[in-house]
Amino acid sequence: MTGLVSTITPVLIAGTDLTGLTAAMELSRLGVPVRLIGEPPGPSAISRTLVVHSLTAELLEQRGLSPEALPGSNRVRHTAVYTKGGLLGTAELAPDSDHRGYALLACQAEMERALREQLACQDVAAEYGTELATLVQTEPGWRGDPGGPGVTALLRHPSGHQEEIAASCLISADGRQGSTGHLLNLPVHGGPEGPSYTLADLWLDGDLHDDVISVFLGHRGFVMLLPAGGGRFQCVATDPPARSGEGSSQAELRKFIGGCLPGSVRLRQMQWSSRFPDTGRLSPPQRCGRVFFGGGSAYAFSPATGQGVNSDVQDMINLGWKLGMVLRGKAAPSLLGTYSEERIQVIRQLEHRAEVPADLLGPGSALVRKLLTRVTPTLLDPHSLADLCADLTGELIPDYWSSPLSAPSCGSGSLQPGSSVPDMRIFASVPGAPPGSPPRAMRLHELVSPSRLNLLLAGDAGSSAAASAAWLEQQLQPWRELITVHLVTPVPGHEERFFHAFGDGQSLILVRPDSHVCFADRLKALPRLVAWLNTWFPPGPGGDRLVRRRRLAGWLH
């Protein structure tokens, strides 16, 4: 590879919430040492309910953490939309047929606890009460040793003791109020502040389902209820008074919720509540030299949407595998430039998908809200309004089609560079199994390794296919530590879906550790794959790449 790194200077991660914990889990799992610090004195105990989308759950399961196994997690498939006149309609939260047909509601405190336990198994512990006091980039570029020191930071511990440390780079995961951007004097870009929202834990009496997210539209905004089981709901409500930071009294909540909910639903008890301002999408750059921003540090989603946790986790998994490979000398430093390009593209997609409904249904425009809640259900299809409400928390499967990391589309199936791997059953060869061993039926997400590139040779089973897989492994020897070759074939009864995804004949599909496709073509296109690998994951000095490509082309033709 590009020169193996004997020692890696630790990565400093500022922030101990979901974003920072995910970054630490991903990097330490890949063999990169980390320091995880945060200013809060300890873990948060607030039982905030999170909407975990299917792709996020699949990525975490591949890394040993199952959100569905957490205490209190709950499957939801639909959003139900109500006005004072009753139910308008329902809409699916996860309509993508290539993934699971439901989302999960999970407790934030439980997810963070599970991540801390996972980190403990990887010999990493969060350093709470530790402040990032100063920050200097000593080597903003990537000249010399990629794993060498590039950042110097001064840490202030709870005892008052100060510690200066060197880090290969820093990940800012401490949210919109974090200190990293201020210490680097970075400008903050964003639009004007939007409306505030009230979040609360409520116990409600009434006919409300535990497997449906309910949205109630009123004259001054909306109330969204996320079921947590046992009659408990997380409430997200538009907040016309907008006294940011103050908890709402039960009387205030009763008055506003009562204006949206039907008379059959009654507020029994409120455990906690708080007002959250819409910060106007505060957004520093996602990268500044060797400093990377992710989650709420990179973009502040509206509290009215269910997108935050999914963006937090997917940001850090996207950055983690790339940073891990660069720091270990297995990839070109230019790979890190694709983090910002890909995630900014997803942010723009989510802005259109989730933020627009929040603005339309919120307290900002009384005329627009009246048209939506009174005129649209009467004159137009009421399901269009239900779809709009479902977009607040519904899943958007990100694609990276325009990423420089995605090779030009040449595959014959629906799996094209930039798309995500579908959740489907396949037969697959098991790496390391004795010759002649039968393939094993499994889900494609079980096969894809979160630590390596995965080259799928798809087609009909047979001796020629097995010989092609063995030949591929031989030809890709310079990347043997980076790529695993799998022969995948259809499971009986699922042939139509298999060939729709992979195409007919023998196809090559290269899958990234974050389950997105980066190369798709026929077997004869192996020289193109080699050229792509030479660009992003160049072998060490001494390799004759052009001769290798000519030999491959000669063999294939």
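**Entry 1: one residue and what it touches.** I looked up the contacts of Gln286, taking contact to mean heavy atoms within 4.5 Å, and, not counting residues up to four places away in sequence, I found that Gln286 touches Val291, Phe292, Phe293, Ala298, Asp315, Tyr339, Ser340, Arg343, Ile344 and Ile347. Gln286 sits in the loop between strand 17 (266–276) and strand 18 (287–288), where helices (H or I, at least four residues) and strands (E, at least two) are DSSP runs numbered from the N terminus. Is Gln286 buried or exposed? Gln286 counts as buried because its relative accessibility is 4%; buried means under 20% relative accessible area, exposed means over 50%, and partly exposed lies in between, with a 1.4 Å probe and protein chains only.

**Entry 2: a note on the model.** I remind myself that this is a predicted model, in which local features need pLDDT of at least 70 and side-chain atom pairs count only at pLDDT 80 or more, while totals for chains, interfaces and linings use all residues. Residues are numbered from 1 along each chain as its sequence is written, and side-chain values use heavy atoms, with hydrogens and water left out.

**Entry 3: salt bridges.** Side chains of opposite charge can pair when their charged atoms come close. I used the rule that a salt bridge is a side-chain nitrogen of Lys or Arg within 4 Å of a carboxyl oxygen of Asp or Glu, and by this rule the count comes to 17 salt bridges.

- Glu117 and Arg113 form a salt bridge through their side chains at 2.7 Å, N to O. These two are four residues apart in helix 3 (residues 108–121), so about one helical turn separates them. Glu117 is partly exposed at 44%, and Arg113 is partly exposed at 27%.
- Glu131 and Arg156 form a salt bridge at 2.9 Å, N to O. Because Glu131 lies in strand 9 (residues 131–137) and Arg156 in strand 10 (residues 151–156), this pair ties together parts that are 25 residues apart in sequence.
- Asp205 and Arg268 form a salt bridge at 3.1 Å, N to O. Asp205 belongs to strand 13 (residues 196–205) and Arg268 to strand 17, so the pair ties together parts that are 63 residues apart in sequence.
- Lys322, Glu342, Arg512 and Asp514 are linked in a network of salt bridges.

Entry 4: I then followed an open sheet of three strands, which has the order 3-7-4 with antiparallel pairing; two strands pair if DSSP finds at least two bridges between them. Strand 3 (49–52) and strand 4 (74–76) stand at the edges with a single partner strand each, so one side of each is left without a neighbour in the sheet. Strand 4 pairs with strand 7 (residues 103–107) in the antiparallel sense over three bridges, and Asn74 stands opposite Leu105 in strand 7.

Entry 5: Which residues line the second largest cavity? A cavity is a set of points, on a 1 Å grid over the protein atoms alone, where a 1.4 Å probe fits but cannot get out, and lining residues have an atom within 4 Å of a point. The lining of the second largest cavity includes Leu55, Leu59, Gln314, Ile317, Asn318, Arg343, Pro398, Tyr400, Asp514 and His516. Helix 6 gives the most to this lining, with three residues.

Note on methods: 1 Å grid on protein atoms, 1.4 Å probe; cavity = no way out; pocket = protein on both sides within 12 Å on 5 of 7 lines; lining within 4 Å.
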